Amino acid sequence: MNRGSTDRARRLVVTALFAAAITVMTAYVLHIPIPGGGYIHLGDMLIYLAACMLPRPYAIAAGIIGGGLADLLTFPVYVVPTIIMKTIVVLPFSTRGERFLTRRNGSAIFLAGILSPVGYGVAGCILYGSVAAFLPQFIGTLIQSVVNGIAFAVLSGALDRAKLKPRLSL
């Protein structure tokens, strides 16, 4: 097996592990319903981490597979909006640098924290056929995004103090 095949295999394995962890964290761990729509979970924190570790196509795959499976298990009507939104929230993050919590990734937390609520608000309007669905979806997803942004900042800070990222070559 050549070096390129080994690297690809490692990335696929890490992607699959992230997808599985995202599914479990989204669907089952700290799954707290929010009045008006959605629920708090820590799956997006792992999507942000994957986006800082894996090349973009792999991070997107981990996010859409993990988030999509979680929705399939809990609220199937949101599978398609989740696939779209998880792709979008991965895009602002970067794998560059020796730290997870770089200036760009810090900004990406805020950008994802706005894009996700707006996207799910629009999805709610489409799914429920009413613009009245926007605000409850937006607020619920905003709360969820803030929780995940804080959790990601705390986790990535700890991982950066442990100098973990330079040891991971994906």
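Start with the contact of α1 and α2: select F18, A21, I22, M25 and T26 in α1, which meet G43, M45, L46, I47, L49, A50 and M53 in α2. Contact means heavy atoms within 4.5 Å. Helices here are DSSP runs (H or I, at least four residues), numbered from the N terminus. By class, this contact has ten nonpolar, two polar and no charged residues. Ala, Val, Leu, Ile, Met, Phe, Trp, Tyr, Cys and Pro count as nonpolar, Asp, Glu, Lys and Arg as charged, and the others, Gly among them, as polar.

The model is predicted: local features need pLDDT of at least 70, side-chain atom pairs count only at pLDDT 80 or more, and totals for chains, interfaces and linings use all residues. Residues are numbered from 1 along each chain as its sequence is written, and side-chain values use heavy atoms, with hydrogens and water left out.

Now show α1 (residues 3-27) whole, beside α2. Their axes come within 8 Å and cross at roughly 160 degrees. Axes are lines fitted to C-alpha atoms, for helices over the stretch in contact, and angles run from 0 to 180 degrees between N-to-C directions. α1 and α2 are therefore roughly antiparallel (over 145 degrees).

Next, select α6, residues 134-161. This helix has 28 residues and reaches 40 Å from its first C-alpha to its last, close to the 40 Å expected at 1.5 Å a residue. Step past its end to K163, where phi is positive, near 55 degrees.

On the α2 side, pick G43, D44, M45, Y48, L49 and C52; on α6, pick Q144, N148, G149, A151, F152, L155 and L159. This contact has eight nonpolar, four polar and one charged residues.

Zoom in on one ring pair. The structure holds six aromatic pairs (ring centres within 6.5 Å). Y48 and F152 have their ring centres 5.8 Å apart and their planes at 90 degrees, so the pair is edge-to-face (over 60 degrees). Y48 sits in α2 and F152 in α6, 104 residues apart.

Finish with α5, residues 103-128. α5 and α6 pack at about 155 degrees, their axes 8 Å apart. They are therefore roughly antiparallel. Among the contact residues are I109, P117, Y120 and Y128 of α5, and F134, F138, L142 and F152 of α6. The classes here are twelve nonpolar, eight polar and no charged residues.

Note on methods. Helix = DSSP H or I, 4+ residues; strand = E, 2+ residues; numbered from the N terminus. Expected span 1.5 Å × (residues − 1). Phe/Tyr/Trp six-rings, centres within 6.5 Å; stacked < 30°, edge-to-face > 60°. Parallel < 35°, antiparallel > 145°, perpendicular 65-115°, else oblique.
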